[in-house]
Amino acid sequence: MKAGKKRIEAFTLIELLVVIAIIVILASMLLPALNNAREVAKKISCLNNLKQISMATVLYADGYNGNLPVPYYRGTNGDKAFDTFLRNVSPTEKGISVPGKMPVATFHCPKDTIPRTTIGHMLPRSYSMNRAYGAKWGAPRGRGMGNLPANIQTYIYGVAYENFSSGIYWTLKLSDFEDPSGTIVYSEQHRAMDTANANRIGSEAKCMIDGPTQIVDTDVPLPHSNASNYAFGDGHAATFRPYQTTGKWTSYTGTLSAPLGMWTRAKGD
C-alpha cells in the first residue's frame, strides 16, 4: 500500500496581498522615524564636533596667555586659519598637548553637503568664528592690534576680528567674556559661494561669520530642522533657531542681519 503524500498548503493570492499590504504599512510608519533618527544623529555629531573645537580652544588659550586663536594669520612661516591652530594643540594625552591629532573631519558637519571645489588640501569646513555685526571696532579696551587704536571700544560685538587689507585684527581672552555661556564663539557656516571664497579648511574665506543670515547660502535650508548649532564661551554647544540668538525681540534691539544677544559678549542684551 502506497503511503499518502502530504498536502502542501500554499498562500492564496488574497493572503499574499494582505501580507504585502501589512509590510508596506509598517514600512511607511517606520521610515519617517528612521529618517528622523538619522537627522538627530547628524545633529549630535555636529554638536560633538563643536564641543571638541571648544576644548581645543581652551587648550590653545592655556598656552597663549588666555587668548583665543585669531581667525586667520598671515606670517613669515605661512598663513594659518583658526582650525590650523586648534588642530595643532589637541587633544591631550596625560595632560601633554599632542600636535596634529585633531582630524580635519572635526571641522565638518555631516549635514554640510553644499558642494565645494577643493584647492589642494583645502577640504570643506562647516564652522566659523563669531565676529558679529560691526566687530571691526569691538576690540577690548587696551588691546587693539594693527591699525586699531589701543584705547577704543565702541561696541562689544563678536569674539575676534581679522582684516589683512585694513591691518585691523584682534582676539579675546577667556577672561573678557561677561557672559561665557551666552556668547557664541563658533557658528556653523555651510557656504560654498565661489571656489575662491568657500568655507574650507585652512582658508581665510569664511573663517568669520557676522550673524545667522550667513549660516547657509541663499535659499538653502538651515542644517538641523530649521536650526543650527553653536559653541559658546564656556565650552558647551547647543542648537538654536536664528531668532533665538539675536537678542531681546520684545524691544527689537537685535535683528538677523545685525544681531545682538548671543552674538555679543555683553550680558542681558
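Hi everyone, let me start with one term: a residue is called buried when its relative accessible area is under 20%, exposed when it is over 50%, and partly exposed in between. Leucine 26 has a relative accessible area of 45%, so by that cut-off it counts as partly exposed. Please keep in mind that this is a predicted model.

Where does leucine 26 sit? Its place is in helix H1, which covers residues 13–63. Leu26 also belongs to a nonpolar patch on the surface, together with Ile14, Val18, Ile22, Ile25, Met29 and Leu30. Together these residues have about 710 Å² of accessible area. As general background, nonpolar side chains in soluble globular proteins tend to be buried together.

Now let me step back to the whole protein. There are 2 helices and 12 strands, and from the N terminus on the order is α-β-β-α-β-β-β-β-β-β-β-β-β-β. Of the 269 residues, 41% count as buried. The accessible surface comes to about 14700 Å², and carbon and sulfur atoms hold 59% of that. If you take the contacts with a separation of 6 or more, 64% are between residues 24 or more positions apart.

Here is one pair to look up on the screen. Isoleucine 44 and alanine 237 are 193 residues apart in sequence, yet their C-alpha atoms are 10.0 Å apart in space. Isoleucine 44 is in helix H1, and it is partly exposed, at 43% relative accessible area.

On to the inside. The largest nonpolar core has 32 residues, and those with the most contacts inside it are Leu50, Phe82, Leu86, Phe107, Tyr127, Val159 and Tyr186. Two or more residues each come from H1, helix H2 (82–87), and strands S5 (127–130), S7 (160–163), S8 (168–171) and S9 (184–188). H1 gives the largest share, 6 residues. Apart from this core lies another one, of 13 residues, including Tyr157, Ile184, Ile209 and Trp263.

I know someone will ask about cysteines. How many disulfides does the count come to? It comes to 0.

Last topic: charges. The structure holds 4 salt bridges. Aspartate 83 meets arginine 87 in one of them, at 3.5 Å from N to O. Both lie in helix H2, 4 residues apart, about one turn of the helix. Is aspartate 83 buried or exposed? Buried, with a relative accessible area of 0%. Aspartate 83 also forms a salt bridge with arginine 125, where the closest N and O atoms are 2.5 Å apart. That pair links distant parts of the chain, since arginine 125 is in the loop between strand S4 (96–97) and S5, 42 residues apart from aspartate 83. Arginine 125 is buried too, at 0%.

Another bridge joins aspartate 210 and arginine 131, at 2.4 Å from N to O. These two are 79 residues apart: aspartate 210 is in the loop between strands S10 (208–209) and S11 (228–232), and arginine 131 in the loop between S5 and strand S6 (145–146). Aspartate 210 is buried at 18%, while arginine 131 is partly exposed at 21%.

How values were computed:
Residues numbered from 1 in each chain as written. Predicted model: local features only at pLDDT ≥ 70, side-chain atom pairs only at ≥ 80, totals over all residues. Heavy atoms only, no water. Patch = residues over 30% accessible without salt bridge, like charges linked within 9 Å, V, L, I, M, F, W, Y side chains within 5 Å. Areas by Shrake-Rupley, 256 points an atom, 1.4 Å probe, with all protein chains shown as cover. Salt bridge = Lys/Arg side-chain N within 4 Å of Asp/Glu carboxyl O. Buried < 20%, exposed > 50% of the residue type's maximum accessible area, 1.4 Å probe, protein only. Contact = heavy atoms within 4.5 Å. Core = buried A, V, L, I, M, F, W, Y, C linked by side-chain atoms within 4.5 Å. Disulfide = S-S within 2.5 Å.
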